[in-house]
Amino acid sequence: MEKNIVMPRLRPEMEKGVLCAWLKEEGEPVSAGEPLFEIETDKVVNQIEATQDGVLKKQLIEEGDTVDVETPVAILETE
């Protein structure tokens, strides 16, 4: 089953963030709680963790792109 991973809203007023770095590559296994990518908001960098186990099937956003909250950034293949 495929699951979209979206740009999270880290604060109520957050509208978008910059995807700074991917910490996992396409095809790599991912465990729940493991960091997937980093986003920057207001000069603070946050690591975003996986919420479930799977394989990172596809990165939809490039590093350095500004992304609206709730926009899919990747696809996770789960069992």
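Is R11 buried, partly exposed or exposed? R11 counts as partly exposed because its relative accessibility is 27%, where buried means under 20% relative accessible area, exposed means over 50%, and partly exposed lies in between (1.4 Å probe, protein chains only).

## About the model

This is a predicted model, in which local features need pLDDT of at least 70 and side-chain atom pairs count only at pLDDT 80 or more, while totals for chains, interfaces and linings use all residues. Residues are numbered from 1 along each chain as its sequence is written, and side-chain values use heavy atoms, with hydrogens and water left out.

E2 is found in strand β1, which covers residues 2-6; strands (E, at least two residues) and helices (H or I, at least four residues) are DSSP runs, numbered from the N terminus. With a relative accessibility of 45%, E2 counts as partly exposed.

When neighbours within four places in sequence are left aside, E2 is in contact with K57, I75, L76 and E77, where contact means that heavy atoms lie within 4.5 Å.

## Salt bridges

A salt bridge is a side-chain nitrogen of Lys or Arg within 4 Å of a carboxyl oxygen of Asp or Glu, and by this rule the count comes to six salt bridges. One of them joins the side chains of E2 and K57, with a distance of 2.1 Å from N to O. This pair links distant parts of the chain, since E2 belongs to strand β1 and K57 to strand β6 (residues 54-59), 55 residues apart. K57, at 41% relative accessibility, counts as partly exposed.

Another salt bridge is formed by the side chains of R11 and E13, at 2.7 Å from N to O.

Because K57 lies in strand β6 and E77 in strand β8 (residues 72-77), the pair ties together parts that are 20 residues apart in sequence. E77 has a relative accessible area of 29%, so this residue is partly exposed. Through salt bridges that share partners, E2, K57 and E77 are joined into one network.
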